[in-house]
Amino acid sequence: MEEIRNRFKHHNQRSNEKNIQFIKSQFFELNYRFKYSLFSDKLSRMFTFQKSDHPHHKLALITGSTTGIGKETALGLLIEGYDVIITGRDIDKGLRTLTELKTNKNVTGTVYFRQLDLCDGNSIKDFLNWFMSFEDFNSKKISRLICNAALSNFKKTITKDGFESNFQANVLGNVVLIQKLLPRMANGSRILTLSSQVIFHGSISDNFELTNRDYEQYSAYANSKLLLMFYSYELNLRLDTYNSDSIKVYSVHPGAVRTELMRDAGFFIKRVLPKFMMTPQVGARNSIYVSLKDYLPDEHYYVCQEPYLMPPEIKDDDLRFEIWNKLHEYADDLLENIEIKTD
Ligand SMILES: NC(=O)c1ccc[n+]([C@@H]2O[C@H](COP(=O)([O-])OP(=O)(O)OC[C@H]3O[C@@H](n4cnc5c(N)ncnc54)[C@H](OP(=O)(O)O)[C@@H]3O)[C@@H](O)[C@H]2O)c1
């Protein structure tokens, strides 16, 4: 245990290498934004995906898709002929988005909405039970699972289940969801977890800061995204070991996007910074690209449609196993009192 503690400490130090990767990615994004700002959203959409004449009705599930990047990702996949389940915490907002997507004349797939709050174990249970028993999905496998939902709270909050909110919404909720939905995914399907370049500023304490009193919004968010990448990368390796035509797992960073993510932040981040960010339509392009592209190089992390380097600690096998085991322990705690239908 002492050795693992030292590893956590060692990797938590901000290195020049990590700072350089972070700064490089800002230039990378600028270039990407410039490219896309030359075209209107409508025009650039025409280059990225085509309206499907014969919708194939493959199934996609996108969490946190009632607004922002998730909503635009849903639109992109619906235009391509996917049937899409969108989810969000707020039912009214969800129903409004459902109507908006249904009435878009380019949409060829079917769209469904269901409430899902990843900070509430009972809500996860209700969602999974609905999915497992909904007759439209009886014989259907999920082809694209996009773990898009996330939050960034200004103040430390603890969920009803007893976890820090960034940790439960951005990491643990995804672990539970993926674990339960994997049997409903076919070979060749893809899981995307939404990441962020803040991973280069993330650090991990040996109890994932569940008891840390010095809460700070940026660090809590960065740490949760770093943990999620450890999990996604390890999941991809494990699935790949069993079957080369297996489900593939990708981490994707959309770029800096003007959304509601920082709704809880201070004036500068909420009001000034967004003026320099890209639109959700452009931000969703990375998730849509990684979801739809026929062939992707064998890389795990994508930034603005290109493979990108991961923080070096992600490749530390011992640390990853330790994190994987801990996350599953917490997931078991969360699921302890939750009964979920298995088919
Ligand atoms: N925006 C950026 O610059 C940026 C950069 C890097 C990465 N990302 C990542 O991109 C993804 C999408 O973010 P966004 O920018 O589109 O943010 P957003 O506009 O705030 O959308 C987040 C979505 O997640 C949902 N959500 C929040 N907490 C949830 C919970 N506890 N359970 C279930 N759903 C929850 C929200 O639902 P409600 O509307 O009901 O709250 C909303 O639908 C996130 O993973 C984010 O970390 C964003």
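Two strands pair when DSSP finds at least two bridges between them. Helices (H or I, at least four residues) and strands (E, at least two) are DSSP runs, numbered from the N terminus. Residues are numbered from 1 along each chain as its sequence is written. You are looking at a predicted model, in which local features need pLDDT of at least 70, side-chain atom pairs count only at pLDDT 80 or more, and totals for chains, interfaces and linings use all residues.

**Stop 1: the sheet**

Select residues 83–88 and 111–115: these are strands S2 and S3, which pair in the parallel sense over 5 bridges. Click on Ile86 and you will find Phe113 of S3 opposite. Thr87 has Arg114 of S3 as its bridge partner. Now follow the chain from S2 through helix H5 (residues 91–102) to S3; this β-α-β crossover is right-handed, that is, with the strands pointing away from the viewer, the path from the first strand over the helix to the second runs clockwise.

Next, show the whole sheet. It is open, with 8 strands in the order S3-S2-S1-S4-S5-S6-S7-S8 and mixed pairing. S3 and strand S8 (306–307) are the edge strands, each pairing on one side only.

**Stop 2: helix H11**

Which strands does H11 lie across? They are S4 (142–147), S5 (185–194), S6 (248–253) and S7 (301–303), and H11 runs at about 160° to S6. Here axes are lines fitted to C-alpha atoms, for helices over the stretch in contact, and angles run from 0 to 180 degrees between N-to-C directions.

To see the contact (C-beta atoms, placed from the backbone, within 7 Å), pick Ile69, Thr73, Gly76 and Leu77 in H4 with Ser287, Ile288 and Ser291 in H11. These contact residues divide into 3 nonpolar, 4 polar and no charged. Nonpolar means Ala, Val, Leu, Ile, Met, Phe, Trp, Tyr, Cys and Pro; charged means Asp, Glu, Lys and Arg; the others, Gly among them, are polar.

**Stop 3: H7 and H12**

Finally, select residues 165–181 and 317–335, helices H7 and H12, which pack at an angle of about 80° with axes 9 Å apart. H7 is therefore roughly perpendicular to H12. Val171, Leu172, Val175, Val176 and Gln179 of H7 meet Leu327, Tyr330, Ala331, Leu334 and Leu335 of H12. This contact has 9 nonpolar residues, 1 polar and no charged.

How values were computed. Two residues are in contact if their C-beta atoms, placed from the backbone, lie within 7 Å. Angles under 35 degrees count as roughly parallel, over 145 as roughly antiparallel, 65 to 115 as roughly perpendicular and the rest as oblique.
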